[in-house]
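Here is a briefing on one protein chain, for reading beside its sequence and coordinates. Points are grouped by topic.

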Amino acid sequence: MKVIIGAGRTVLDGWLSTQESELNLLNREDFARMFATEKPTAFLAEHVWEHMTLDDGCRAAQNCFDYLQDGGYIRVAVPDKNFRNEWYQNMVQVGGNGDPNHPAFTHKIVYDSDTLRQVFTQAGFEVELLEWCDTEGSFHYKYWNENDGRIGRSLRFDTRNQKGKLGMVSIILDAKKPGQISY
């Protein structure tokens, strides 16, 4: 089983799309109910973690770790604090652009790659960064397979990235739970 957390309108073949009302990352009872008979092999969360405080993000990562199969992973994408683009930073900042109808209105944190990595390593995951900007604002990219969880707000798939210019980036990481998946 592969699960999209906070899917919104995202639907991917082979993935179960969930909303906060079905799977609240901070509610262990939701995890226990949803995964009572089968633990997922993968979670996907695109632009979800920034809607929680840092402490809540750590709790959510721990819940995912505890309910994920050994050897499974979670692919996470969040806005990048180190992307040097004024329009982008105004849009993704805590509270967004001030418009309560804008999705970023409920942002509670803007991560840099070190802080996001720490959220998942503290929970016990082994973390690999796939896309991120370093503290100097330089963008880094490692190839990742979209079949393992497609991130729309990424170098390859966001249409705002054109003609060699970055318009939308995310910190993207894979956090793997040690062990092997058993079938």
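## Briefing

Beyond its neighbours within four places in sequence, Glu128 contacts Lys142, Ile172, Leu173, Asp174 and Lys176. The model is predicted. A search of the whole structure turns up nine aromatic pairs.

**Glu128 and strand β5**

- Glu128 belongs to strand β5, which covers residues 126-133.
- Its relative accessible area is 31%, so Glu128 is partly exposed.
- Ala175 is 47 residues from Glu128 along the chain, yet their C-alpha atoms are separated by 6.4 Å.
- Among the contacts of Glu128 listed above are Ile172, Leu173, Asp174 and Lys176. Strand β7 runs over residues 171-176.

**Aromatic pairs**

- Nine aromatic pairs are found in the whole structure. One of them joins Trp49 and Phe120: the pair is tilted, with 5.2 Å centre to centre and 50 degrees between the planes.
- Which parts of the chain does the pair of Trp49 and Phe120 tie together? Trp49 sits in the loop between β3 (42-46) and α2 (54-67), while Phe120 sits in helix α4 (residues 113-122), so the pair links parts that are 71 residues apart in sequence.
- Trp49 is buried, at 0% relative accessible area. Phe120 is buried too, with a value of 0%.
- Phe31, Phe35, Phe43 and Tyr67 are linked into a cluster by ring pairs.

**Charges over rings**

- Arg150 places its charged end over the ring of Phe157, 3.9 Å from the ring centre.
- Lys177 lies over the face of Phe65, with 4.8 Å to the ring centre.

**Largest pocket**

- At least two lining residues come from β3, and at least two from α3 (86-92).
- What classes of residue make up the lining of the largest pocket? It has 10 nonpolar, eight polar and four charged residues.

**Second largest pocket**

- The lining consists of Ile5, Gly6, Gly8, Gln19, Glu20, Leu23, Asn24, Leu25, Leu26, Val48, His51 and Met52.
- By class, that lining divides into six nonpolar, five polar and one charged.
- His51 lines the second largest pocket.

- Most residues other than glycine have a negative phi.
- His47 is not a glycine, yet its phi is positive, at about 55 degrees. His47 is placed in the loop between β3 and α2.
- Is His47 buried or exposed? His47 is buried, with a relative accessible area of 10%.
- Lys163, not a glycine either, has a positive phi of about 50 degrees. Lys163 is placed in the loop between β6 and β7.
- Lys163 is exposed, at 84% relative accessible area.

**Asp158**

- Asp158 lies in the loop between β6 (139-141) and β7 (171-176). Lys163 has its place in the loop between β6 and β7 as well.
- Buried means under 20% relative accessible area. Asp158 has 7% relative accessibility, so Asp158 counts as buried.
- Not counting residues up to four places away in sequence, Asp158 touches Gly152, Arg153 and Met168.

**Pro178 and the segment after β7**

- Pro178 is found in the segment after β7.
- With a relative accessible area of 36%, Pro178 is partly exposed.
- Neighbours within four places in sequence aside, Pro178 is in contact with Phe65, Asp70, Gly71, Gly124 and Glu126. Phe65 is also the residue whose ring face lies under Lys177.
- How far apart in space are Pro178 and His102? They are 37 Å apart, C-alpha to C-alpha, and 76 residues apart in sequence.

Methods. Residues numbered from 1 in each chain as written. Predicted model: local features only at pLDDT ≥ 70, side-chain atom pairs only at ≥ 80, totals over all residues. Heavy atoms only, no water. Helix = DSSP H or I, 4+ residues; strand = E, 2+ residues; numbered from the N terminus. Buried < 20%, exposed > 50% of the residue type's maximum accessible area, 1.4 Å probe, protein only. Contact = heavy atoms within 4.5 Å. Phe/Tyr/Trp six-rings, centres within 6.5 Å; stacked < 30°, edge-to-face > 60°. Lys NZ or Arg CZ within 6 Å of the ring centre and 35° of its normal. Nonpolar A, V, L, I, M, F, W, Y, C, P; charged D, E, K, R; others polar. 1 Å grid on protein atoms, 1.4 Å probe; cavity = no way out; pocket = protein on both sides within 12 Å on 5 of 7 lines; lining within 4 Å.
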